[in-house]
Amino acid sequence: IPRVDVSVDGGKTFTAADLWKPVEQHRRGQWAWTQWHKDVPIPADVQARLARGERVTVELTSKAVDGHYNVQPENPEPYVNP
């Protein structure tokens with residue numbers, strides 16, 4: 001996993017996260033665990049609502065990109081066994 005993108009607006013816009021890969025993985029490339037970190041700015045309108053004591057909902061979304069630039073699907077349901 002060379003890149004993880006993060007969104008705080010429900011997937012409308014994404015920015016790259018910082019990756020941390022402390023563990024060497026030996027899984028023949030099918031699966032990968034990648035830790036990441038991202039400081040995300042809180043939009044001004046959300047900050048204003050928080051300052052007034054209102055409850056807000058922020059939808060944090062992330063997606064991994066592999067070495068062939070395949071991106072995780074937006075909806076994983078067709079790919080998950082029930």
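## Burial and surface

Buried residues (under 20% relative accessible area with a 1.4 Å probe, protein chains only; exposed is over 50%, partly exposed in between) make up 11% of the 82 residues in this chain. Keep in mind that this is a predicted model, in which local features need pLDDT of at least 70, side-chain atom pairs count only at pLDDT 80 or more, and totals for chains, interfaces and linings use all residues. Residues are numbered from 1 along each chain as its sequence is written, and side-chain values use heavy atoms, with hydrogens and water left out.

The chain exposes about 7200 Å², an area that comes from the Shrake-Rupley method with a 1.4 Å probe. Carbon and sulfur atoms supply 52% of that surface.

## Overall layout

You will find 1 helix and 5 strands here, in the order β-β-β-β-α-β from the N terminus on. Helices (H or I, at least four residues) and strands (E, at least two) are DSSP runs, numbered from the N terminus.

Among contacts (heavy atoms within 4.5 Å) with a separation of 6 or more, 45% come from residues 24 or more positions apart.

Strands pair if DSSP finds at least two bridges between them. With β5 (residues 61–65), β1 runs antiparallel through 5 bridges; here Val-4 stands opposite Ala-64. With β2 (residues 15–16), β1 also runs antiparallel, joined by 2 bridges, and Asp-5 stands opposite Ala-16.
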